[in-house]
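This report goes through a few features of the structure shown below.

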Amino acid sequence: MKAYAAALGAALFGAASISAFTPAFSTKVALTRASNAATFQSSALSMADDDDKVFDQEAYIAESKEMRLKHLEEQAMFSLKIAVENYGNAVFPNALIAGDVVITHLLHRMGYLKDGQAKIMCVDTFHLFPETMEFLREIEDHYGFKAEVFCAEGVPVGDKAAYDAKYGADLWKEDIEQYDKVCKVEPFQRGLKTCNTDCMINGRTRWQGFERAWIDQFENAPIGGGLAKCNPIAYWTLEDTFDYIAKYEVPHHPLHAKGYPSIGDAKDTIPIPEDGSTKFVDFKFEGDKTPWLDYASERKGRFVGLENKDGSTKTECGIHVAGAEQTFDRDLWEEGKVQNIASSEEALEIIKGDKEAIVVVYAPWCQFCQGMEDEFTKYAESAGVPVYKFRGDEEREFVQEFLNTESFPTVNLIKSDGSVVKYDSEARSADDFAKFETA
């Protein structure tokens, strides 16, 4: 309890450093600090008492910003202390953007990177800017840690040619949602699972837009018994973030110096403004900084030209949407009447046989496959033909050629003459599947 009281006092009353988290903290000391703070006189305010001096507005603003940043630092460090020391495996999925380099620096200041108490993981989509993975190697050397890198399933880390051969270089053009699942969501999920994560640290902030406007420093995510999510800079603005980077000369992504406020995939990330006139160079802004620092402007250069399937503008890659952090310790349709097809050879036997059947091609990590699991199970209980499942994310070329599959789930009717008819509706109730079978 003493350690908790120390941390709480530091967050509420403003400690000079992380040493405020020590058990030596007392309520009496805290109240004394609060009293002292109430009588604090800045150099800017003292000028108001001198008839010969004029109130220095710029000095007051600078001091106010420093006071704010000091509080935000302590608040963030308090949350990180809880995330790392109160849980066994805190993991930070690091995208190397401005907020993430701040968190990396804070973890370093607190000693959590060097001693391995906090792990860092990264997702390589194979479509990042070349500078991004190079920058990762730079900060690994600078802070003395080694990140765990995850990429599309079944592809060696860093092997773009292997990715193109397995998934296709133009997957993102053909099906952006499938691309997000393959290159971002599934590796992200697998990374959390591989690292045995029980608390996920991330750099989302309220300032980033209405989708994130109500996040708090701690949330629960639906993994097993409830994975904790720590958002240490939830209450920071982007200006706060760059003020911190400048204050401590924090290593940051080189593309900030080329006009990019946020950095994602090279294929859909642009400078803001597009002429690159706003930059962050040598720890200070060049040009008009408001296009970067206005509310919800940090990510304006992300997902450019991309739309969701419903025609809405894309604003998220899928990693941070509700339920995306779910990991899987089981397959789908493990019980019931849905039979498993264990190999492509077995699938060909069913296709070339003289009996009708229904085959769902799926991936267990796909949220749409998960969403139809119960209804498809219910349909299989009373189906008039055998019902099968075939895991398509491990046999992509095969399912594309023989089972009409470009995305998951894909349901097919295998006819007695060997033809394969695709179910093209998004309606996925048991009754819908039954009607498809008998149509």
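## Cysteines

In this predicted model, the sulfur of C183 has its closest cysteine sulfur in C151, 8.8 Å away, which is too far for a bond. A disulfide requires two cysteine sulfur atoms within 2.5 Å. C183 has a relative accessibility of 1% and therefore counts as buried.

C199 is likewise in no disulfide. The nearest cysteine sulfur to that of C199 belongs to C230, at 5.5 Å. C199 counts as buried because its relative accessibility is 0%. For the structure as a whole, the number of disulfides is zero.

## Nonpolar cores

The largest nonpolar core is made up of 49 residues. The residues with the most contacts inside this core are Y163, W333, I358, F376, Y379, L403 and V411. Strand β10, residues 357-362, supplies six residues, the largest share of this core. Apart from this core lies another of 44 residues, which includes L80, L106, F145 and I245.

Which residues does Y379 contact, leaving aside its neighbours within four places in sequence? They are I358, V385, V387, A430, F433, A434 and E437.

## A surface patch

V54, F55, Y60 and I61 make a nonpolar surface patch of about 390 Å². Within this group, V54 is placed in the loop that runs between α3 (43-46) and α4 (57-85). Is V54 buried or exposed? V54 counts as exposed, because its relative accessibility is 69% and the cut-off for exposed is over 50%.

Terms used:
Residues numbered from 1 in each chain as written. Predicted model: local features only at pLDDT ≥ 70, side-chain atom pairs only at ≥ 80, totals over all residues. Heavy atoms only, no water. Core = buried A, V, L, I, M, F, W, Y, C linked by side-chain atoms within 4.5 Å. Buried < 20%, exposed > 50% of the residue type's maximum accessible area, 1.4 Å probe, protein only. Helix = DSSP H or I, 4+ residues; strand = E, 2+ residues; numbered from the N terminus. Contact = heavy atoms within 4.5 Å. Patch = residues over 30% accessible without salt bridge, like charges linked within 9 Å, V, L, I, M, F, W, Y side chains within 5 Å. Areas by Shrake-Rupley, 256 points an atom, 1.4 Å probe, with all protein chains shown as cover. Salt bridge = Lys/Arg side-chain N within 4 Å of Asp/Glu carboxyl O.
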